[in-house]
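Visitor: I am new to this structure. Could you show me how to read its features, step by step?

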Amino acid sequence: MMKTVQSRILLVLLGISVLYFLAFWPINAQGARDRYMISVFDPDEFAQYSHPIRMLDQPAKTINQSIYRFTAYQHYYYGYPFYFYSAMVSLLPLKVAGLDTTANIMLLYRQLVSVLPMIAALMVLVYLQTKFRSYVRSIALFLFLLTVPAVVNNDIWWHPESLVFLFIVLTFLFLDKDELTFGKYFYFSAIACGLAVATKLIGLFFFLAIPTYILIGWRQGRIDSKSAIKASVGFVAVMVTVFIVSSPFLFYESERIAAFKIQARQAGAMSAGFVLVYAKGPAAWVPLITEYYAQPLFLALTFISLGLGIANKEKRLLNLLILVWALPFALYLLFFIAIKPKHFFLPILLPMFSALPYIFDWLLQRIRRFSLKNTLTILLFAAVAFVSLMQMGDNLAYDLRLYTEELHKEKESVSLKFFSELDEKYLSRITVERPLVVYRDVRMYVADRPNWEVNHRWGTTDYSYIERLNPDIIVLWKQRLYDYTNDDALERALDPGEVAEAARFYRDALDDNIHGYKLIYEDDFGIAYLSLELYQNLNE
């Protein structure tokens, strides 16, 4: 009978998953008519876009070159499993079918690399906590997790977060299935953990959870000291082996050096900031957590629920592992990380949210025990239900607003409107017999045209860069100009010399004073300059 209930619940959750997956199709088809449009809405996607394409840009001159191109993907901010999965599952089918347009590629990246793994991960979380034994608990928890604003935000871009989160949840799943026997599932969890490390390094935060699991097995007499040491070494060996095998670029010395430099530079930026110093500490994270995850009262319920999950004999081990996974990771983010993307707390708070049924179970047990005579318990249950429903309402209100914005983002984009006006009034009138060299801020849209050489630069721009590039057209985002010319920019600079040079150029741009260029168009969002040579030709 129980298996029948579990099967039916699984079918219901699969039905919800299909509807959820399809709901994201229209909005994930937006904002990618060409590669430069991608950066207007998400610079990270633009930074990643070319790498899977280059991996599959075959054949090369030799087999070794083909292997090198396929494995040495160059963008070592994220791991090989992310790019391999993106290339093989999303890009390759489109290339085979001859449908590999930018719009189609980005649609499948977002759907198959972000939405699909996230659905799978959340379904596994629900299974871990409910075993699909209750319709209400399983469906309500699944729906809640799907609607968390950070989850919905993550489902509308192409990034490794969903994939690495799936590997993290699979690590929990295999440990749960192992049940302290230290058999095959224990080593399956090491495989999943290794993939999490290879994808985004955060699998290393199992450094406390795995020893805790082994220690509990030893304390309960499931293994002796010798076997505990063997299990520890075995887990690390499997995890490291999987990491190396799933990171084939490491076999090339040049790529190992490049990856180490990128990760070292990224670690420095994460702990301080990009160009400017960012605030650190728990208080700096509060606005992000309350906007994208939950309000303080609901977060308090989450911690209480996790504690009750640990007190639950049947689910003690799972929820204790979630706690010792989440705690060191959360402390690291709260006290040592300055950059604050909205997705960083996904692998911390979603597993904690999955413990929410325990507070309802605990209260219901007391209501039944006292035959509805315990007024305080009934009132407490009503308060918990009210807070939960309010949080769900907040989630849905945010999700609906975001969905609507994403659905119309091309139509409403001020960056696209800026280019349309600029092109109609000036750019469409320019005729040259050579490629037109354009410099654009990554937030400014410029069409991808065959006779245009479009350039961008991550970070700041200054006169030395402009002089080297010698662009015909300069298109700048005013917000960046304001950010680096305000009074405190130099005080917050990681490199005062870099910021001072950038500020000098940006200030001249705001003052219509870039030597050799003429301001031709501006609005509240952007500003565009044309070289004096082309400007004179345009007006002859």
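Visitor: Is Arg449 buried, partly exposed or exposed?

Guide: Keep in mind that this is a predicted model. Burial is read from relative accessible area, and buried means under 20%. Arg449 has a relative accessible area of 27%, so Arg449 is partly exposed.

Visitor: Which side chain meets Arg449 in a salt bridge?

Guide: Start with the general idea. Side chains of opposite charge can pair when their charged atoms come close. Here Arg449 meets Asp423, at 2.8 Å from N to O. Asp423 sits in helix H22, residues 414–425, while Arg449 sits in the loop between E1 and E2. The two are 26 residues apart, and the pair links distant parts of the chain. Asp423 counts as buried because its relative accessibility is 13%.

Visitor: How many salt bridges does the count come to?

Guide: The count is 16. One of them joins Glu45 and Arg110, at 2.9 Å from N to O. Glu45 belongs to helix H4 and Arg110 to helix H7 (residues 102–130), so this pair ties together parts that are 65 residues apart in sequence. Check the burial of each partner. Glu45 is buried, at 2%. Arg110 is buried too, at 1% relative accessibility.

Visitor: Which side chain meets Lys478 in a salt bridge?

Guide: Glu522 does, at 2.7 Å from N to O. Glu522 lies in strand E4 and Lys478 in helix H24 (residues 478–485), so parts 44 residues apart in sequence are tied together. Glu522 counts as partly exposed at 38% relative accessibility, whereas Lys478 counts as buried at 9%.

Visitor: Let us turn to strands. How many residues of strand E1 are buried?

Guide: For a strand, look at cover, then at the direction of the side chains, then at the partners. Five of the five residues of E1 (residues 436–440) are buried, so the rest of the structure largely encloses this strand. Leu436, Val438 and Arg440 point one way, and Val437 and Tyr439 point the other way.

Visitor: Which strands does E1 join, and in which sense, parallel or antiparallel?

Guide: E1 and E2 run parallel, joined by four bridges. Tyr439 stands opposite Asn455 of E2. E1 and E3 also run parallel, over three bridges. There, Arg440 has Val475 of E3 as its bridge partner.

Visitor: What is the bridge partner of Val475 in E5?

Guide: It is Ala528. Strand E3 (residues 473–477) and E5 are antiparallel, with five bridges between them. Strand E4 (residues 517–522) is also antiparallel to E5, again over five bridges. In that pairing, Tyr517 faces Ser531 of E5. A hairpin of three residues connects E4 to E5.

Visitor: How many of the residues of E5 are buried?

Guide: Six of its six residues are buried, so "mostly covered" is the reading for E5 (residues 526–531) when buried means under 20% relative accessible area. Gly526, Ala528 and Leu530 point one way. Ile527, Tyr529 and Ser531 point the other way.

Visitor: Now the rings. How many aromatic pairs does a search of the whole structure find?

Guide: It finds 50. Read each pair by the distance between ring centres and the angle between planes. Phe46 and Trp458 make a tilted pair, 6.2 Å centre to centre with 50° between the planes. Phe46 is in helix H4 (residues 43–55), and Trp458 is in the loop between strand E2 (452–455) and helix H23 (463–469). They are 412 residues apart. Phe46 is buried at 11% relative accessibility, but Trp458 is partly exposed at 45%.

Visitor: Which aromatic pair is stacked, with 25° between the planes?

Guide: Tyr332 and Phe336, at 6.4 Å centre to centre. Both lie in helix H17 (residues 316–336), four residues apart, about one turn of the helix. Tyr332 is partly exposed, at 35%.

Visitor: Which residues lie over the faces of Trp285 and Phe41?

Guide: Lys340 lies over Trp285, at 5.9 Å from the ring centre. Lys409 lies over Phe41, at 4.8 Å from the ring centre. Rings can also form a cluster: one here includes Phe70, Tyr73, Trp158 and Phe249, linked by ring pairs.

Technical notes. Residues numbered from 1 in each chain as written. Predicted model: local features only at pLDDT ≥ 70, side-chain atom pairs only at ≥ 80, totals over all residues. Heavy atoms only, no water. Phe/Tyr/Trp six-rings, centres within 6.5 Å; stacked < 30°, edge-to-face > 60°. Buried < 20%, exposed > 50% of the residue type's maximum accessible area, 1.4 Å probe, protein only. Lys NZ or Arg CZ within 6 Å of the ring centre and 35° of its normal. Pairing = 2+ DSSP bridges. Salt bridge = Lys/Arg side-chain N within 4 Å of Asp/Glu carboxyl O.
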